[in-house]
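Please open the structure in your viewer and keep the selection tool at hand. Each stop below says what to select next and what is there.

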Amino acid sequence: MSAPCIERVLTGDIAEVVSFVTEARAQMFSTRAAGGMPADLAAFEAVYLQGDGCFLVARDNGRLVASIGYTPYDHRFPQLDYRGLKAVEVARLFVMPDYRRGGLASRLYGALEGRARAAQVALMYLHTHPFLPGAVDFWRRQGFTLTHNAHDPVSHTTHMERRLLRAT
């Protein structure tokens with residue numbers, strides 16, 4: 001297995017990437033995934049390729065093996081006040097099982113953070129869930145801190161953030 005190449009998604013890649021992420025989502029969330037196509041995937045080009053979004057993938061000899069993206073934070077969680085900050089939400093991190101535990105997720109996140117810094121993003125936000133093995137620890141290793149644990153009965157959402165720029 002060679003070291004996968006990380007690249008930004010282009011318009012011609014959208015169908016393949018949406019299929020990859022949809023399958024990954026089904027694997028990660030099994031019966032927890034409700035409803036149809038998530039809004040960000042249904043409007044992939046507008047969300048991730050135009051405006052202030054970004055989506056990266058890793059390929060090994062042309063084969064899609066990992067993904068990650070960010071979108072502008074939409075302020076849907078009232079307990080998180082990021083008004084006045086250029087904040088983005090990290091989403092859709094998935095690494096194929098054969099490529100896990102080799103640093104690819106860290107490389108992908110590092111490339112995404114580099115794009116965010118170049119875009120003058122002040123804060124990266126994400127949420128994860130304790131039923132995803134190792135997720136909270138992984139994000140802590142990337143420099144994220146816990147900001148809020150929701151005590152919702154289904155998903156027990158864990159909110160995390162990483163400040164990139166100091167407030168002025």
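Which residues do ring pairs link into a cluster? Select Tyr73, Phe77, Tyr82 and Tyr125: ring pairs join them into a cluster. Bear in mind throughout that this is a predicted model.

**Aromatic pairs**

Across the whole structure, a search finds 12 aromatic pairs. The Phe77–Tyr125 pair is tilted, with 6.1 Å centre to centre and 50 degrees between the planes. Phe77 sits in the loop between strand E3 (63-72) and strand E4 (87-95), while Tyr125 belongs to strand E5 (residues 123-128), so the pair ties together parts that are 48 residues apart in sequence. Are these two residues buried or exposed? Both Phe77 and Tyr125 are buried.

Next, select Tyr109 and Trp139. Their ring centres are 5.5 Å apart and their planes stand at 90 degrees, so this pair is edge-to-face. Tyr109 is in helix H4 (residues 104-118) and Trp139 in helix H5 (residues 135-141), so parts 30 residues apart in sequence are tied together here. Tyr109 and Trp139 are both buried.

Now centre on Phe144 and show its surroundings. Beyond its neighbours within four places in sequence, Phe144 is in contact with Val90, Tyr109, Met124, Tyr125, Leu126, Trp139, Met160, Glu161 and Arg162.

Switch to a cartoon view and colour the strands. In what order do the strands of the open sheet run? The 7 strands follow the order E1-E2-E3-E4-E5-E7-E6, with mixed pairing. Strand E1 (5-8) and strand E6 (145-149) are the edge strands, each pairing on one side only. On average, neighbouring strands of this sheet are turned by 25 degrees against each other, direction ignored.

Pick Leu146 and look for its bridge partner in E7, which is Met160.

**Thr128**

Move to Thr128, found in strand E5. At 4% relative accessibility, Thr128 counts as buried. Which residues does Thr128 touch, not counting those up to four places away in sequence? The residues are Ala135, Val136, His156, Thr157, Thr158 and Met160.

**Salt bridges**

Side chains of opposite charge can pair when their charged atoms come close. The structure holds 10 salt bridges. Select Glu113 first, since two partners can be shown with it. One of them is Arg117, whose closest N and O atoms with Glu113 are 3.0 Å apart. Arg117 and Glu113 are 4 residues apart in helix H4, so about one helical turn separates them. Arg117 counts as partly exposed at 35% relative accessibility, whereas Glu113 is buried, with a relative accessible area of 10%.

The other partner to select is Arg162, which meets Glu113 in a salt bridge of 2.7 Å, N to O. This pair links distant parts of the chain, with Arg162 in strand E7 (residues 158-163) and Glu113 in helix H4, 49 residues apart. Arg162, like Glu113, is buried.

Go on to Asp74 and Arg76, which form a salt bridge with their closest N and O atoms 2.9 Å apart. Asp74 is partly exposed, with a relative accessible area of 45%, and Arg76 is partly exposed too, at 38%.

For the last stop, select Glu7, Asp13, Glu16 and Arg59, which a network of salt bridges links.

Technical notes: Residues are numbered from 1 along each chain as its sequence is written. This is a predicted model: local features need pLDDT of at least 70, side-chain atom pairs count only at pLDDT 80 or more; totals for chains, interfaces and linings use all residues. Side-chain values use heavy atoms; hydrogens and water are left out. Rings of Phe, Tyr and Trp (its six-membered ring) pair if their centres lie within 6.5 Å; planes under 30 degrees apart count as stacked, over 60 as edge-to-face and the rest as tilted. Helices (H or I, at least four residues) and strands (E, at least two) are DSSP runs, numbered from the N terminus. Buried means under 20% relative accessible area, exposed over 50%, partly exposed in between (1.4 Å probe, protein chains only). A salt bridge is a side-chain nitrogen of Lys or Arg within 4 Å of a carboxyl oxygen of Asp or Glu. Contact means heavy atoms within 4.5 Å. Two strands pair if DSSP finds at least two bridges between them. Axes are lines fitted to C-alpha atoms, for helices over the stretch in contact, and angles run from 0 to 180 degrees between N-to-C directions.
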